[in-house]
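Visitor: I am new to this structure and would like to learn how to read it. Please take me through it one feature at a time.

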Amino acid sequence: MSLFVVAECLAAPGREDRLRTALEAMIEPSLEEPGCLAYRPYADPNDPVRMVVVEEWTGPDALEAHFATPHFRHVRRVLDQVLAEPLTIRRLVTAG
């Protein structure tokens, strides 16, 4: 069963472009991971400081492996510098 992840980000004032760049840089290396089925950042058109990343993984083990990759560790360091509040990660499965 797929595991869906919604990661919610709120950029600090003036840090929106850096947040967008950091999240976009994660697309290619994440999609190359064996358990990654989808990885896509989205921006809120009404509030440019808000972005979310919607991901699909083959399961929790694949997601945990993602958290251990060099590119994820790097983006976490960047996010610590550009976010106005801590990153929120929601793990979801298909209802039913």
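Guide: We can begin with a helix. The buried residues of α1 are Leu19, Ala22 and Leu23. Buried means under 20% relative accessible area, exposed means over 50%, and partly exposed is in between (1.4 Å probe, protein chains only). Helices (H or I, at least four residues) and strands (E, at least two) are DSSP runs, numbered from the N terminus.

Visitor: What do the buried residues of α1 pack against?

Guide: Their partners are β1, α2, β2, β3 and α4. Contact here means heavy atoms within 4.5 Å.

Visitor: Before we go on, what kind of model is this?

Guide: This is a predicted model, in which local features need pLDDT of at least 70 and side-chain atom pairs count only at pLDDT 80 or more, while totals for chains, interfaces and linings use all residues. Residues are numbered from 1 along each chain as its sequence is written, and side-chain values use heavy atoms, with hydrogens and water left out.

Visitor: Which residues of helix α3 are buried?

Guide: Helix α3 covers residues 60-67, and its buried residues are Ala62, Leu63, His66 and Phe67. Seen down the axis of α3, these residues fall within an arc of 145 degrees, so they line one face of the helix. They pack against β1 (3-10), α2 (27-31), β2 (36-43), β3 (50-57), α4 (70-82) and β4 (88-92).

Visitor: How is a pair of aromatic rings described?

Guide: By the distance of the centres and the angle of the planes. Rings of Phe, Tyr and Trp (its six-membered ring) pair if their centres lie within 6.5 Å; planes under 30 degrees apart count as stacked, over 60 as edge-to-face and the rest as tilted. This structure holds 1 aromatic pair. The rings of Phe67 and Phe72 have centres 4.9 Å apart and planes at 50 degrees, so the pair is tilted. Both Phe67 and Phe72 are buried.

Visitor: Which residues touch the most other members of the largest nonpolar core?

Guide: A nonpolar core is a set of buried Ala, Val, Leu, Ile, Met, Phe, Trp, Tyr and Cys residues joined through side-chain atoms within 4.5 Å. The largest one has 27 residues, and Leu19, Leu23, Tyr39, Trp57 and Leu79 touch the most other members. Two or more residues come from each of β1, α1 (16-25), β2, β3, α3 and α4. Leaving aside residues up to four places away in sequence, Trp57 has contacts that include Val5, Ser30, Tyr39, Leu63 and His66.

Visitor: Is Ser30 buried or exposed?

Guide: Ser30, found in helix α2, has 0% relative accessibility and so counts as buried. A polar atom of its side chain lies 2.7 Å from the backbone oxygen of Met26. Beyond four places in sequence, Ser30 touches Cys36, Tyr39, Trp57, His66 and His71.

Visitor: How many salt bridges are there?

Guide: A salt bridge is a side-chain nitrogen of Lys or Arg within 4 Å of a carboxyl oxygen of Asp or Glu. By this rule the count is 3. One of them joins Glu8 and Arg90, at 2.8 Å from N to O. Glu8 lies in strand β1 and Arg90 in strand β4, so the pair ties together parts that are 82 residues apart in sequence. Glu8 is partly exposed at 30% relative accessibility, and Arg90 is partly exposed at 43%.

Visitor: Which residue forms a salt bridge with Arg91?

Guide: Glu64 does, with the closest N and O atoms 3.1 Å apart. This pair also links distant parts of the chain, with Arg91 in strand β4 and Glu64 in helix α3, 27 residues apart. Arg50 and Asp47 also meet in a salt bridge, at 3.2 Å from N to O.

Visitor: Where does Gly59 lie?

Guide: Gly59 is in the loop between β3 and α3, and it is buried, with a relative accessible area of 8%. Gly59 and Phe4 are 55 residues apart in sequence and 8.6 Å apart in space, C-alpha to C-alpha.

Notes. Arc of directions from axis to C-beta. Polar contact = N/O pair within 3.5 Å; in protein donor to acceptor, adjacent residues only side chain to side chain.
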